[in-house]
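Have the sequence and coordinates open while you read.

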Amino acid sequence: MKRPRRLLAALTACALGTALFGGTALLGSGGASQAWAANDVLGPGTTLYTNPQSSTKEAAHALRGQARRDALLLSKIPSSTWFTDGSPAEVERDVHKLVKRTGTKVPVLVAYNIPFRDCALYSAGGARDVAEYKAWIDGFAAGIGREEVAVVLEPDGLGVIPWYTTLDGQLENCRPPEYDPETTGRDAAAERFEMLNYAVDRLQELPNAVVYLDGTNTSWLNVGEAADRLVKAGVERADGFFLNVSNYEFTENSVAYGTWISQCIAYVTEVSSGDYANCGNQYWSGGPANDWTGVTLSNQGVWSPTAADPALNTAGIDSRYEAALGDVEPTTHFVVDTSRNGRGAWAAPAGVYPDAETWCNPPDRGLGLRPTTDTGNELVDALLWIKIPGESDGECFRGLGGPEDPERGMVDPAAGQWFPEQARELIELAQPPIGVHH
């Protein structure tokens with residue numbers, strides 16, 4: 001991972017944890033006595049930008065009553081701005097217009113235009129080919145110029161790769177016919193890594209941009225698989241990776257998962273080259289601390305090394321990395337999307353839906369921790385609202401064909417459209433409550 005551009009300020013993890021969590025440092029520092037930012041753009045004390053022309057504010061204009069009040073409330077909290085299409089000239093113009101009005105505050109920009117994004121599902125779209133994408137990234141970077149920004153580069157860009165074979169030899173399910181290597185001669189997976197590496201390098205030419213790659217989430221790729229894809233995409237030249245975008249996993253669990261990814265990257269690059277298979281992961285929790293007796297960790301509770309429930313206890317995995325790394329310290333930083341994870345992930349009713357789509361507009365979720373760069377953890381640069389809370393995940397059929405979402409008894413809005421009912425739930429069930437300043 002690249003080094004900071006300027007001298008960084010250090011703050012004690014204990015003080016930060018007390019400030020954020022009322023005396024309990026939930027985002028543990030792994031025993032370190034100091035919390036350092038990976039860069040001086042998202043350093044402790046950074047003020048994140050709240051866009052007065054956000055999509056949330058735009059949605060409010062078309063709403064009335066409680067729905068309008070909800071949208072206006074959410075629009076006052078810093079969230080990201082997504083750039084999803086347009087020509088190179090158009091994205092350069094739009095990015096430039098935004099960053100020129102941010103002053104000393106730092107905006108979070110999401111670049112989401114990679115070819116065949118989301119495997120042409122709910123959030124289908126993107127550039128047509130490698131050349132078009134590189135030109136678009138050039139325009140995106142030109143719009144940023146010398147301004148301070150944080151870039152979230154291609155959500156799902158490493159979680160969903162066309163025609164990709166995993167470390168254990170499994171061909172994944174995203175197999176668009178137009179990218180079929182047998183009939184087209186194209187290597188769509190190689191193209192994906194080429195584009196992401198190009199974007200990392202192009203954006204890192206900018207003096208005040210920090211860039212994060214897709215690390216998926218705690219219920220998706222195992223740690224070794226995520227680390228392998230991140231290294232292939234250029235994470236060692238970026239500022240780190242992001243977790244839990246558009247998802248609902250508990251913050252503490254994301255921090256544990258992100259720490260293991262960072263440790264795995266350190267292990268495979270500094271201890272045992274390429275040995276991703278021996279990176280401890282969330283799907284088997286064995287290690288020295290529990291005499292190598294492991295289970296799959298559950299996302300229906302908060303993980304910790306002291307949890308009584310073996311399905312929530314991380315001590316085995318933690319001790320496995322301690323033994324493997326010795327004096328080697330993990331250095332790859334990350335950010336976590338906390339926009340909708342206050343209540344954690346939804347547990348769908350058993351046996352009801354052929355495909356519960358637990359990530360898709362699940363009921364009874366709540367806003368999570370408010371955006372901040374004062375995390376109290378040396379590897380966590382920020383908690384961010386990357387997904388816009390109140391915007392739909394898509395039309396969720398849960399394997400039953402639609403058009404209604406059977407869990408909600410209504411037709412969900414299309415991906416990215418405002419969802420008043422969900423916005424109300426997120427506010428009512430926020431954890432911490434939305435009326436409390438954190």
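Counting bonded cysteines along the chain, the disulfides follow the pattern 1-2, 3-4, 5-6. The structure holds three of these links, a disulfide being a pair of cysteine sulfur atoms within 2.5 Å. Keep in mind that this is a predicted model, where local features need pLDDT of at least 70, side-chain atom pairs count only at pLDDT 80 or more, and totals for chains, interfaces and linings use all residues. Residues are numbered from 1 along each chain as its sequence is written, and side-chain values use heavy atoms, with hydrogens and water left out.

**Disulfides**

- Cys119 and Cys174 are joined with an S to S distance of 2.1 Å, and the torsion about their S-S bond is about 105°, so this disulfide is right-handed.
- That pair links distant parts of the chain, 55 residues apart: Cys119 is in the loop between β4 and α5, and Cys174 is in the loop between β5 and α6 (181–184). Helices (H or I, at least four residues) and strands (E, at least two) are DSSP runs, numbered from the N terminus.
- Cys119 and Cys174 are both buried, where buried means under 20% relative accessible area, exposed over 50%, and partly exposed in between (1.4 Å probe, protein chains only).
- Cys264 is bonded to Cys279 at 2.0 Å, S to S, and with 85° about the S-S bond this link is right-handed.
- Here Cys264 sits in helix α9 and Cys279 in the loop between α9 and α10 (315–325), 15 residues apart; both are buried.
- Cys360 and Cys396 make a disulfide at 2.0 Å, S to S. The torsion there is about -80°, so it is left-handed.
- Cys360 lies in the loop between β8 (334–337) and β9 (380–384), and Cys396 in the loop between β9 and α11 (420–428), so the pair ties together parts 36 residues apart in sequence. Both cysteines are buried.

**Helix α9**

- Helix α9 (residues 251–271) has 21 residues, which should span 30 Å at 1.5 Å a residue, and its end C-alpha atoms are 29 Å apart, which agrees. The expected span is 1.5 Å times one less than the number of residues.

**Strands around β4**

- From strand β4 (residues 108–111), Val108 and Val110 point one way and Leu109 and Ala111 the other, and all are buried.
- β4 pairs in the parallel sense with strand β3 (residues 81–83) over three bridges; strands pair if DSSP finds at least two bridges between them. Thr81 stands opposite Leu109.
- On the way from β3 to β4 the chain passes through helix α4 (residues 88–99), in a right-handed β-α-β crossover. Right-handed here means that, with the strands pointing away from the viewer, the path from the first strand over the helix to the second runs clockwise.
- Four bridges join β4 to the parallel strand β5 (residues 149–153), with Val151 as the bridge partner of Leu109.

**Aromatic contacts**

- A search of the whole structure finds nine aromatic pairs. Rings of Phe, Tyr and Trp (its six-membered ring) pair if their centres lie within 6.5 Å; planes under 30 degrees apart count as stacked, over 60 as edge-to-face and the rest as tilted.
- Among them, Phe83 and Phe140 are edge-to-face, at 5.9 Å centre to centre with 75° between the planes. Both residues are buried.
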